[in-house]
Amino acid sequence: MKWLGLLGLVALSECMVIIPLRQMKTMRETLRERNLLTNFSEEHPYNLSQKAANDQNIIYHHPLRSYKDFSYIGNINIGTPPQEFQVLFDTGSSSLWVPSIYCQSSSCYKHNSFVPCNSSTFKATNKIFNTNYSATSIKGYLVYDTVRIGNLVSVAQPFGLSLKEFGFDDVPFDGILGLGYPRRTVTGANPIFDNLWKQGVISEPVFAFYLSSQKENGSVVMFGGVNRAYYKGELNWVPVSQVGSWHINIDSISMNGTVVACKRGCQALLDTGTAFLRGPRGSVSKIQKLIHARPIDREHVVSCQAIGTLPPAVFTINGIDYPVPAQAYIQSLSGYCFSNFLVRPQRVNESETWILGEVFLRLYFSVFDRGNNRIGLAPAV
């Protein structure tokens, strides 16, 4: 795959980072061209300080480019001297990993691989590193090295080097940078965000996403604070429902004034690593029927002429309505219009849970506040 280069890094200080993003050819477009389209993927103890919320000199803005139908990608550097990688910035997972030069999987030959012997700060371990996603996984080992996100530096950062990869052949990134809470999957593998905070690199335990709807550029992830220029009005704060992940409670999901899903309340994960709006099969099927979406080749297609007549899907969260218009939940591609509502597999007896991916997050600026275990949402500019 050919990818446009990242926008130049806008480094405002050593404490806060904002990174621009660029929108790339979509996964749906790429896979459809190759006939490979599949279901890939799948008040408070304290407030943000006034300084962190408004002072541009303590926020680091880092550029990302948008792989619109999948997620947002940015460059990081690992090792001394630095080796560059394109990674997925993912709130749905916690680990950082990139391919190893010793990886034998076909996907590794298509991506940049880390060369341990070329880094003077590299430290190996004998610990196994396994990470599983909804339809993909990697196996490798845990290592330590210096990792840089723009001018933010995490020293002796633990991360995974893959030796085997499953399901990553057709993705545009080399590895994944998880921004989720720490998980006990690998001993000592503290997420990079936690280390940046622990090492005093960022001034607040906060990061935020502005995912631009523009095709080419404008999207950023920021660390250490919030830039008010990227949203309208005030942030509405929602407590996480499960400390340890970026899940929140949803009151209901309605269309045309009628509740169509989440009737008794439900859970939702705000996930920058997912493109779509994913929910239980029954709820998604009901919505597809309501918008007159027809199943074709594992997709649901609607009449492009009807988009202007379709109602918004309204996600009511903590008593506030967050409408998602049809222009956002329907994607036009090659003369067809596809529904961005997808089924999320659920375990037996699991309560209703949705994943709100970039279809939702492009509309609403999102702040992930680890210090208060909450998420802030406001209409994006």
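## Exercises on a predicted model

Strand 26 and strand 27 form a hairpin, with four residues between them. In that turn, Asn-373 has a positive phi of about 50°. The model is predicted.

**Exercise 1. Find which strands pair with strand 27, in what sense, and over how many bridges.**

Step 1. Strand 26 covers residues 364-369 and pairs with strand 27 in the antiparallel sense, over six bridges. Ser-366 stands opposite Leu-377 of strand 27.

Step 2. Go to strand 12, residues 236-239. Strand 12 also pairs with strand 27 in the antiparallel sense, here over four bridges. Pro-239 has Arg-374 of strand 27 as its bridge partner.

**Exercise 2. Decide whether strand 27 is largely enclosed or open, and say why.**

Step 1. Buried means under 20% relative accessible area.

Step 2. Count along residues 374-379. Five of the six residues of strand 27 are buried.

Step 3. Conclude. Strand 27 is largely enclosed by the rest of the structure, because five of its six residues are buried.

Step 4. Of its 381 residues, 58% count as buried.

**Exercise 3. Work out how the buried residues of helix 4 are arranged around its axis.**

Step 1. List the buried residues. Helix 4 spans residues 281-290, and Ser-283, Val-284, Ile-287 and Gln-288 are buried there.

Step 2. Look down the axis. The buried residues of helix 4 fall within an arc of 135°, so they line one face of the helix.

Step 3. Check the other side. Arg-281, Gly-282 and Lys-289 are exposed there.

Step 4. His-292 takes a positive phi of about 60°.

**Exercise 4. Locate Ile-101, class its accessibility, and name the patch that contains Ile-101.**

Step 1. Ile-101 lies in the loop between strand 5 (96-99) and strand 6 (123-132).

Step 2. Apply the cut-offs. Partly exposed lies between buried, under 20%, and exposed, over 50%. Ile-101 has 42% relative accessibility, so Ile-101 counts as partly exposed.

Step 3. Ile-101, Tyr-102 and Leu-163 form a nonpolar patch on the surface. Together they have about 280 Å² of accessible area.

**Exercise 5. State how many helices and strands the protein chain has, and give its accessible surface.**

Step 1. Count the elements. The protein chain has six helices and 27 strands.

Step 2. Take the surface. The accessible surface comes to about 15,800 Å². Carbon and sulfur atoms account for 50% of that area.

Technical notes
Residues are numbered from 1 along each chain as its sequence is written. This is a predicted model: local features need pLDDT of at least 70, side-chain atom pairs count only at pLDDT 80 or more; totals for chains, interfaces and linings use all residues. Side-chain values use heavy atoms; hydrogens and water are left out. Buried means under 20% relative accessible area, exposed over 50%, partly exposed in between (1.4 Å probe, protein chains only). Helices (H or I, at least four residues) and strands (E, at least two) are DSSP runs, numbered from the N terminus. Two strands pair if DSSP finds at least two bridges between them. Accessible areas come from the Shrake-Rupley method with a 1.4 Å probe; for residues, only the protein chains shown count as cover. Patches are made of residues with over 30% relative accessible area and no salt bridge: like charges are joined within 9 Å, nonpolar side chains (Val, Leu, Ile, Met, Phe, Trp, Tyr) within 5 Å. A salt bridge is a side-chain nitrogen of Lys or Arg within 4 Å of a carboxyl oxygen of Asp or Glu. The arc is that of the directions from the helix axis to the C-beta atoms.
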